[in-house]
Amino acid sequence: MEASKVIHAIYTDDDVLMSAVKKVKAERYHIEEIYTPFPVHGLDKAMGLAPTRIAIAAFIYGLIGLTVATVMMNYIMIEDWPQNIGGKPSFSYLENMPAFVPIMFELTVFFAAHLMVITFYLRSRMWPFKEAENPDPRTTDDHFLMEIAVDGNEEALENLLKETGAVEISLIDKAH
Amino acid sequence: MYTFSNKLKTFSFILMILGALGVGYGFMTSHKSFEEVETLLAEESHHGGDHSVDASHDAHVSDSAHGEEAHAQVDEHKEHIEHVQHQIANRPWSALYVAAFFFMMIGLGALAFYAIQIASQAGWSPVLFRVMEGITAYVLPGALIVVAIAVASGTIGHYNIFIWMDPEVVAHDKLIQGKSGWLNIPMFALRGLIFIAGWSLYRHFARKFSIAQDTAEDKSNFKKSFRIAAAFLVFFIYTESMMSWDWIMSVDPHWFSTLFGWYVFASMFVSGITVIALITIYLKSRNFLPFVNENHLHDVAKFMFAFSIFWTYLWFSQYMLIWYSNIPEEVTYFITRFNDYKLPFLGMVVMNFVFPFLMLMNADYKRIPWFVVMAGLVILFGHYIDIFVMIMPATVGDRWFIGVPEISAILLFAGLFIFVVFTALTKAPLLVKGYPFRKESEDFHY
C-alpha cells in the first residue's frame with residue numbers, strides 16, 4: 001500500500017529549495033513531488049529524475065514524416081499519374097527529387113513537432129478540462145512545495161524540513 | 001603559455017617539403033605537347049573499345065556538335081586537342097589554388113566567428129579566444145597567397161585558372177567584354193588587396209586589444225575590440241561576397257548566382273568552426289587548456305552541426321532554383337558538375353550534411369572529443385571537395401582527379417597552416433585574462 005499521509009513543506013526561494021532537496025535526498029527520504037511556479041534549473045538532477053527521452057521520440061516521428069512524404073509523392077507524382085508538368089522528369093522519384101525536397105522537409109518537421117507535443121501532453125497527462133492537481137494555489141505564483149511521503153517518522157522529518165528552511169510544514173492525509 | 005612542440009614543427013615542415021615536391025612534380029608533368037595530347041586522346045579512345053584513330057577523332061568532332069564540312073573537322077580536331085592540352089596544363093594551378101583557398105577560408109571563417117563572438121558578447125566562448133586568434137593568424141599570408149596564385153596564373157602562367165584574364169578569349173567573347181569593367185587583372189588585384197588589408201587590419205587590432213586587455217586596469221580595450229568587431233562584420237559581409245565573385249565565381253565568367261557569396265560564406269564558416277574545435281581538442285589533450293571543458297566543446301559542436309545544415313540549405317537552394325527553372329545560361333554550371341563530377345558533387349552532400357547531421361545530433365555525442373574529431377575531419381574533407389567542385393569544372397573539366405598535384409597542394413598548405421597557426425599560439429597566454437566575460441566563460445555550464 002502506498003503511504004496515505006504526506007508532508008507538504010513550503011519554501012519561498014528556489015535556492016533554499018535546491019539545498020533542501022539535496023539534504024532530504026541525503027537523508028534518504030523519498031520525495032513524491034515538487035511544485036514550482038517556474039523551471040528551477042538543476043532540480044531534476046538534484047532529485048535524481050531520469051532524463052527525458054522525448055528527443056528520441058521526436059527523431060523517430062521525423063523519420064515517419066519523411067517516409068510519409070516520400071511514399072505519398074512517389075505514389076501521386078510518379079506511379080499513379082506521371083504527367084509531364086512543365087517538362088519535369090517524372091520518370092522516377094530520384095530524377096524529380098529536388099522538387100519534392102521542400103515538402104519532405106516540411107512534413108518531417110511537421111510530424112516531429114506535432115507528434116512530439118502530443119506525446120508530451122499524453123505523458124504529462126495534460127488535456128483541456130483536466131482537473132488541476134495543484135495542492136496549493138500559491139505554488140503557481142511565488143511558493144515552492146515539496147511533498148514527501150511519511151511512514152510513522154513525522155517528527156524526525158518535520159525537524160529536518162524545518163532545518164532546511166521550510167516556511168510552512170503541514171501533514172496532509174491523502175486517504176480518499 | 002603554449003610551446004610549439006618540436007615534433008609538430010618538424011611534422012609541419014615535412015608536410016610543406018613533401019607538398020612542395022609534389023606541387024613541383026605536378027607542374028613539371030603538366031606541360032604536354034600537341035602530339036603528346038593527340039596520342040593520349042587516341043589511346044583513351046582505344047581503351048573505350050574504338051580501334052580506329054580516325055573514327056575516334058570523328059567522335060570527338062560530333063561531341064562538340066559543330067560544322068559538318070571536312071576541313072572544319074580538321075579545325076575541330078585541332079581545337080579539341082588544344083582544349084585538352086590547356087586543361088591538362090591547368091590542373092596543377094587549380095590544385096594549388098583550391099588548396100590555398102581552402103586553408104585561407106578556414107582562417108577567414110574563424111575570424112568571422114571570432115568577431116561575432118565579441119560583437120554578440122558571448123559568455124561561453126572567451127576561453128577559446130586565443131585559439132581563434134591563433135587560427136586567424138593565417139588570414140594574412142593565406143589570402144595573399146591566394147591572390148598571388150590567381151594573378152600569377154594570368155601573368156606567369158597561361159591563364160590557367162581564370163579565362164577572363166586571357167585577352168584573346170575576351171576579344172572573341174561579348175559576354176566577358178561586357179564584364180571587363182569588373183573582371184580585369186589590375187582591378188582584381190587591387191580589390192583583393194583591399195579585402196586582405198581590411199581583414200588583416202581587423203585581425204591585427206583585435207589581437208592587439210585582446211592582449212592589451214590582459215594587463216589593463218580598465219575595460220577600454222574591451223570596448224574598442226567590441227566596436228571594431230561590429231565594424232569589421234559590416235566590412236566583412238560586403239568584402240566576403242565580392243571576394244567570392246572574384247576568387248571563385250569568376251572561374252565561370254559566363255555564369256552568375258546571387259546567393260553565391262552566402263554559400264561560400266557558409267562553407268568557410270563551418271570549416272573555421274570545425275578547425276577551432278579540432279585545435280581546441282588537440283591543445284586540451286596536451287593539457288594547455290585546463291579551463292576548457294566538455295561544455296565548451298558541446299557548444300562548438302552545436303555550431304558545427306547547425307552550420308553544416310546552413311551550408312546544405314544554401315547549397316540546395318542554389319541547386320534547386322537553377323534545376324527547377326532550367327534556364328540554359330545558368331544550368332550549364334550544374335550540368336557540367338553533375339555529368340563530370342557526380343561522385344564529388346553528390347559525395348560532398350553526404351559528407352557535409354548527412355554525416356554531421358546524424359553524428360552530431362545527439363547531445364551526448366557532441367561532448368565526446370574523438371567523436372567531434374571524426375565528424376570534424378569528414379566536414380573538413382567535405383568542404384575541400386566543395387571548393388574543388390567550385391573551381392575544377394571550369395579549369396580542368398572532365399580531366400580531374402585527386403592525385404599527386406591535389407594531395408601535395410593540400411599537404412603544402414596544411415603544413416604552412418599548422419606552422420603559422422601554432423607559431424601564433426605561442427605568442428600569448430592561452431587564456432584571456434582581463435576580458436570581462438572570462439569568468440562566466442570559465443564557469444560555463446550547459
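Tutor: Before we look at any residue, note that helices (H or I, at least four residues) and strands (E, at least two) are DSSP runs, numbered from the N terminus. This is a predicted model, in which local features need pLDDT of at least 70 and side-chain atom pairs count only at pLDDT 80 or more, while totals for chains, interfaces and linings use all residues. Residues are numbered from 1 along each chain as its sequence is written, chains are lettered from A in the order in which they are written, and side-chain values use heavy atoms, with hydrogens and water left out.

Student: Where in chain A is the place of T164(A)?

Tutor: T164(A) sits in the loop of chain A between α5 (154-163) and β4 (168-173).

Student: Is T164(A) buried or exposed?

Tutor: Buried means under 20% relative accessible area, exposed means over 50%, and partly exposed lies in between, using a 1.4 Å probe and protein chains only. T164(A) counts as buried because its relative accessibility is 7%.

Student: Which residues does T164(A) touch?

Tutor: Contact means heavy atoms within 4.5 Å. Leaving aside residues up to four places away in sequence, T164(A) touches Y11(A), V16(A), A20(A) and K23(A). With Y11(A) there is also a polar contact, side chain to side chain, at 2.8 Å; such a contact is a pair of N or O atoms within 3.5 Å, where within protein one must be able to donate a hydrogen and the other to accept it, and residues adjacent in sequence count only if both atoms are side-chain atoms.

Student: How many salt bridges does the structure hold over all chains?

Tutor: Side chains of opposite charge can pair when their charged atoms come close. A salt bridge is a side-chain nitrogen of Lys or Arg within 4 Å of a carboxyl oxygen of Asp or Glu, and over all chains the structure holds 15. One of them joins K130(A) and E133(A), whose closest N and O atoms are 2.9 Å apart; K130(A) is partly exposed at 25%, whereas E133(A) is exposed at 56%.

Student: Which helix holds both K78(B) and E82(B)?

Tutor: Both lie in helix α4 (residues 70-119) of chain B, 4 residues apart, about one turn of the helix, and their side chains form a salt bridge at 3.4 Å, N to O.

Student: Are E133(B) and R130(B) buried or exposed?

Tutor: Both E133(B) and R130(B) are buried, and their side chains meet in a salt bridge of 2.9 Å, N to O. Through salt bridges that share partners, R130(B), E133(B), R207(B) and D214(B) are joined into one network.
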